[in-house]
Amino acid sequence: MPGQVVTEGIPNVCGGQATKGIPTVRVGGAPIMVSGSPVTPHRPPIIKPLCLTGAAVTVARSNSTVRAGGLPIVVSTDADSCGHSRGTGNPTVRIG
Ligand SMILES: [Zn+2]
């Protein structure tokens, strides 16, 4: 699904930031995020223990056909493995 490219530090809809992007591929100076990138702990309105620790939450598989480091690039319409939407990305670069 089309969307804005997600880079390191951009939060999901509940504040969980995408981390450990591809350092050699940057948008707006920040590493680009790919499927499987870790997400920081976050606190949704309806508590999910998985989100509070962030230990096992990753940016879920993206359907993007555009890749970085061999993995699909994450866009704003993708969701994390906990189910929370990414929501926003860098507005200057869109895929799809
Ligand atoms: Zn979550």
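This is a predicted model: local features need pLDDT of at least 70, side-chain atom pairs count only at pLDDT 80 or more; totals for chains, interfaces and linings use all residues.
## V74 and its contacts

Setting aside residues within four places in sequence, V74 is in contact with V6, A18, M33, V34, S35, S37, V59, S62 and R86.

## The nonpolar core

V74 also turns up in the largest nonpolar core, a group of 17 residues. Along with V6, A18, I32, M33 and I73, V74 is one of the members that touch the most others in that core. As a rule, nonpolar side chains in soluble globular proteins tend to be buried together.

## N12, a buried loop residue

Where does N12 sit? You'll find N12 in the loop between β1 (3-5) and β2 (22-27). Is N12 buried or exposed? N12 counts as buried because 27 C-beta neighbours lie inside 10 Å, and the cut-off for buried is 20 or more.

Leaving out residues up to four places away in sequence, N12 touches V39, H42, D80, H84, S85, R86 and G87. R86 is also on the contact list of V74. Then there's V59: N12 and V59 are 47 residues apart in sequence, with their C-alpha atoms 9.4 Å apart in space.

## The whole chain

Zooming out, the chain has one helix and six strands, running β-β-β-α-β-β-β along the sequence. Its radius of gyration is 12 Å, close to the 12 Å that the globule rule gives for 96 residues, so the chain is as compact as a globular protein of that length.

Taken along the principal axes, the C-alpha atoms fill a box of roughly 35 × 25 × 20 Å. Of the 96 residues, 35% count as buried. Among contacts between residues at least 6 apart in sequence, 52% join residues at least 24 apart.

Key. Residues are numbered from 1 along each chain as its sequence is written. A nonpolar core is a set of buried Ala, Val, Leu, Ile, Met, Phe, Trp, Tyr and Cys residues joined through C-beta atoms within 7 Å. A residue is buried if 20 or more other C-beta atoms lie within 10 Å of its own, exposed if 12 or fewer, and partly exposed in between; C-beta atoms are placed from the backbone. Two residues are in contact if their C-beta atoms, placed from the backbone, lie within 7 Å. Helices (H or I, at least four residues) and strands (E, at least two) are DSSP runs, numbered from the N terminus. The radius of gyration is taken over C-alpha atoms; the globule rule is 2.2 Å times the number of residues to the power 0.38.
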